[in-house]
Amino acid sequence: MGKRFILWGIVITVLAVCLTGCGAEEKKGDEKLKDIEFTVLGEENIPEELKQIIDEKKEKEFKITYQDGDFLYICVGYGKQETGGYSITINELYLTANAIYMDTNLIGPEPENRELYHTQEKDGASYPYVVVKMEYLDKSVVFD
């Protein structure tokens, strides 16, 4: 009985080590290879077809990609906000072996201006979004 217990302990230990090693291999594909050069576009520089897609989706949060020729456009929208004064930061945009990773944040109005925004009329709503243009890469995009 004691030998069987020891044998099972060894088998479980070997399996645990193998599974841990496999998980480390999978993580290598998520390692940052390099930052990606990009341009944040103003509304006047967004392709017309993409503007229409954004307009259809702007009421709710969205994350989309759009390819046009040699360029990839990555778009993140935060849906309807009751007031204006919002901005979006791009924390990271980088390439891994498996994907393109993009991390953004919505920043609200400054605290001293919030009361002003809350007193605006109902049609003072905003639909903050950002459009990033970069060289086309045949990779999926992961939004953080």
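The side chain of S126 has a polar atom 2.5 Å from the backbone oxygen of T83. This is a predicted model, and the distance is computed from its atoms. S126 sits in the loop between α3 (114-118) and β7 (129-135). Is S126 buried or exposed? Its relative accessibility is 17%, so S126 counts as buried, the cut-off for that class being under 20%.

The surroundings of S126 come from elsewhere in the sequence. Leaving out residues up to four places away, S126 touches G79, K80, Q81, T83, G84 and Y86. K58 is 68 residues from S126 along the chain, and their C-alpha atoms are 9.4 Å apart.

K133 is placed in a like way over the face of F71, at 4.1 Å from the ring centre.

**Aromatic pairs**

How many aromatic pairs does the count give? It comes to two. Y66 and Y73 make a tilted pair, with 5.9 Å between centres and 55° between planes. The rings of Y94 and Y101 have centres 5.4 Å apart and planes at 10°, so this pair is stacked. The cut-off for stacking is planes under 30 degrees apart.

| Residue | Relative accessible area | Class |
|---|---|---|
| Y66 | 13% | buried |
| Y73 | 4% | buried |
| Y94 | 12% | buried |
| Y101 | 13% | buried |

**The sheet**

Y101 leads on to the strands. Y101 stands opposite V142 in β8. Strand β6 (residues 99-107) is joined to β8 by four bridges, and the two run parallel. Strands of a sheet pair through backbone hydrogen bonds, either parallel or antiparallel.

In which order do the strands of this open sheet lie? Four strands form it, in the order β1-β5-β6-β8, with mixed pairing. β1 and β8 (140-143) are at the edges. Each has a single partner strand, so one side of each lacks a neighbour in the sheet.

L33 is located in the loop between α1 (2-27) and β1 (34-35). L33 has a relative accessibility of 58%, so it counts as exposed, the cut-off being over 50%. Setting aside neighbours within four places in sequence, L33 is in contact with L95, T96 and A97. A97 is 64 residues from L33 in sequence, yet their C-alpha atoms are 7.1 Å apart.

**The whole chain**

The protein chain has three helices and eight strands. Along the sequence they follow the pattern α-β-β-α-β-β-β-β-α-β-β. Of its 144 residues, 28% are buried; S126 is one of the residues that count as buried.

Contacts reach across the sequence. Among contacts between residues at least 6 apart, 69% join residues at least 24 apart. The pair L33 and A97, at 64 residues apart, gives one example of such a separation in sequence. The chain exposes about 10,200 Å². Carbon and sulfur atoms supply 52% of that area.

How values were computed
Residues numbered from 1 in each chain as written. Predicted model: local features only at pLDDT ≥ 70, side-chain atom pairs only at ≥ 80, totals over all residues. Heavy atoms only, no water. Buried < 20%, exposed > 50% of the residue type's maximum accessible area, 1.4 Å probe, protein only. Contact = heavy atoms within 4.5 Å. Phe/Tyr/Trp six-rings, centres within 6.5 Å; stacked < 30°, edge-to-face > 60°. Lys NZ or Arg CZ within 6 Å of the ring centre and 35° of its normal. Areas by Shrake-Rupley, 256 points an atom, 1.4 Å probe, with all protein chains shown as cover. Pairing = 2+ DSSP bridges. Polar contact = N/O pair within 3.5 Å; in protein donor to acceptor, adjacent residues only side chain to side chain.
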